[in-house]
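Hi everyone, thanks for coming. Let me put the structure up on the screen, and then we can walk through it together.

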Amino acid sequence: MKKLALLSVFGLSAIVTGCATTAQQPQIDCAAPDWYAVGVEDGKAGRYPYEISRHQKQCQAIKLTPEIIKTWEAGRQIGLNSYCTKGNAYEIGQRGYSLNQVCPEAGLLEIQQSHALGYQQYYRRAQLSRDWAYPVFHPWYAPLPYRYWR
């Protein structure tokens, strides 16, 4: 009974965690979308240029014209100014996420170094929590073949 309760708690927590970490596609107003504002939001999220097609799939009635694409791309470039910063790259690394390769080459080395520092912090924090939860030399936490009793 305890095993069933424990498995259900772990299963429920995994489902909740999985739902919390999935990326949300922003909802746009299909009647009259402001493509510049949509592009700014996509740029702030670090989305790639091809992701405008997702918006078209969301709103089937909209046909992407070159003017719409140009307006969306101009907004995305403005949004990338806030995505491609050293502080944002550090925060993304601290969360354990990878940095999308959408930043311009000017200043890219510093952005990647900041991301690497943030990811290093994430890795160390994860390693400490793992080591704290499962001490290496304690017999109760060792894998079954290495326990002292039989």
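Before anything else, one term: when I say contact or touch, I mean heavy atoms within 4.5 Å. This is a predicted model, where local features need pLDDT of at least 70 and side-chain atom pairs count only at pLDDT 80 or more, while totals for chains, interfaces and linings use all residues. Residues are numbered from 1 along each chain as its sequence is written, and side-chain values use heavy atoms, with hydrogens and water left out.

Let's start with Cys103. Leaving aside neighbours within four places in sequence, Cys103 is in contact with Tyr83, Cys84, Leu108 and Ile111. Cys103 also belongs to the largest nonpolar core, which has 10 residues, including Leu80, Ala89, Ile92, Leu99 and Val102. A nonpolar core here is a set of buried Ala, Val, Leu, Ile, Met, Phe, Trp, Tyr and Cys residues joined through side-chain atoms within 4.5 Å. Buried means under 20% relative accessible area, exposed over 50%, and partly exposed in between, with a 1.4 Å probe and protein chains only.

Which helices give two or more residues to this core? They are H4 (66-83), H5 (86-94) and H6 (108-133). Helices are DSSP runs of H or I, at least four residues, numbered from the N terminus. Apart from this core lies another one, of eight residues, among them Trp35, Val38, Cys59 and Ile68.

Now for helix H4 and its partner. Helix H2 (residues 35-44) packs with H4 at an angle of about 35 degrees, with the axes 6 Å apart. Axes are lines fitted to C-alpha atoms, for helices over the stretch in contact, and angles run from 0 to 180 degrees between N-to-C directions. From H2, the contact includes Trp35, Val38 and Gly39, and from H4 it includes Ile68, Trp72 and Arg76.

Arg76 deserves a stop of its own. Is Arg76 buried or exposed? Arg76 counts as buried, at 4% relative accessibility. The Arg76 side chain reaches the backbone oxygen of Arg47 at 2.8 Å. Beyond four places in sequence, the contacts of Arg76 include Asp42, Tyr48, Pro49 and Val102.

Finally, Ile69, also in helix H4. Ile69 is partly exposed, with a relative accessible area of 37%. Not counting residues up to four places away, Ile69 touches Ile52 and Leu64. The C-alpha atoms of Ile69 and Ile52 are separated by 7.8 Å, and the two residues are 17 apart along the chain.

That's my tour, and I'm happy to take questions.

Notes:
A polar contact is a pair of N or O atoms within 3.5 Å; within protein, one must be able to donate a hydrogen and the other to accept it, and residues adjacent in sequence count only if both atoms are side-chain atoms.
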